[in-house]
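Subject: Structure for you, with notes

Hello,

Here is the structure, followed by my notes. Please have it open while you read.

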Amino acid sequence: MPPQVRQFDLTDVMLTWGSFIIEGAGDGNFIEIAYDSPRVQEHEGGHGDVTVLLTKSKKGTATITLGQAAAANNLFSAALAQQQNGSGLIKKPLTLAHRFGTSRAFAKTAYLRETPGLGFGMDHNNRDWVLGLADLELFVGGSVR
């Protein structure tokens, strides 16, 4: 039986923050989304008894890596400026969908947690934007083509 080959194309991954489509991937991973805590906590007693606690927390983090020329940097910078100038916490839904895959992520409340440093040089630099996710729903799937 011949080996199974799956195809992946980054343009098949759609990422939005509110009504804005986030484009302009930098080098490496464009997006990393994960829960902030393990899904279970394990405790072992002195006699070897194990207790497993299911984690109810849906708090997560999204790290979006953009190239320095990506227009989405302007979107995040403008939101941060609004937030820092008295508009309060700017929060929007974050949605990730893989068109030919089964991976999905959604958070109704996604907000800017960390901003990238600013650097210029002979290389095209990445900008890593870190978003806090208050209510992450995450399904890590595979490709279907």
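First, a term: patches are made of residues with over 30% relative accessible area and no salt bridge, where like charges are joined within 9 Å and nonpolar side chains (Val, Leu, Ile, Met, Phe, Trp, Tyr) within 5 Å. A salt bridge is a side-chain nitrogen of Lys or Arg within 4 Å of a carboxyl oxygen of Asp or Glu. Accessible areas come from the Shrake-Rupley method with a 1.4 Å probe, and for residues only the protein chains shown count as cover.

Now the ground rules. This is a predicted model, in which local features need pLDDT of at least 70 and side-chain atom pairs count only at pLDDT 80 or more, while totals for chains, interfaces and linings use all residues. Residues are numbered from 1 along each chain as its sequence is written, and side-chain values use heavy atoms, with hydrogens and water left out.

The surface patch

Val-40, Val-50, Val-52 and Leu-54 make a nonpolar surface patch of about 360 Å². Which strand gives the most to it? Strand S5, residues 50–54, does, with three residues. Strands (E, at least two residues) and helices (H or I, at least four) are DSSP runs, numbered from the N terminus. Val-52 sits in S5. Its relative accessible area is 45%, so Val-52 is partly exposed. The classes are buried (under 20% relative accessible area), exposed (over 50%) and partly exposed (in between), with a 1.4 Å probe and protein chains only.

Thr-55

Thr-55 is in the loop between S5 and strand S6 (60–67). Its side chain reaches the backbone oxygen of Pro-38 at 2.7 Å. Beyond its neighbours within four places in sequence, Thr-55 is in contact (heavy atoms within 4.5 Å) with Ser-37, Pro-38, Arg-39, Val-40 and Gln-41. Val-40 also belongs to the nonpolar patch.

The aromatic cluster

How many aromatic pairs does the structure hold? There are two. Rings of Phe, Tyr and Trp (its six-membered ring) pair if their centres lie within 6.5 Å; planes under 30 degrees apart count as stacked, over 60 as edge-to-face and the rest as tilted.

Take Trp-17 and Phe-76. Their ring centres are 5.3 Å apart and their planes are at 50°, so the pair is tilted. Trp-17 lies in strand S1 (residues 13–17) and Phe-76 in helix H1 (residues 72–87), so the pair ties together parts 59 residues apart in sequence. Both Trp-17 and Phe-76 are buried.

Then Phe-76 and Trp-129. Here the centres are 5.3 Å apart and the planes at 40°, so this pair is tilted. It links distant parts of the chain: Phe-76 in helix H1 and Trp-129 in strand S9 (residues 126–133), 53 residues apart. Phe-76 has a relative accessible area of 0%; Trp-129 has 4% and counts as buried. Trp-17, Phe-76 and Trp-129 form one aromatic cluster.

Thr-63 lies in strand S6. Thr-63 is partly exposed, at 24% relative accessibility. Leaving aside neighbours within four places in sequence, its contacts are Phe-30, Ile-31, Glu-32, Asp-128, Trp-129 and Val-130. Trp-129 is also part of the aromatic cluster.

Leu-96 is in strand S7 (residues 91–98). Is Leu-96 buried or exposed? Its relative accessibility is 11%, so Leu-96 counts as buried.

Best wishes

Technical notes: A polar contact is a pair of N or O atoms within 3.5 Å; within protein, one must be able to donate a hydrogen and the other to accept it, and residues adjacent in sequence count only if both atoms are side-chain atoms.
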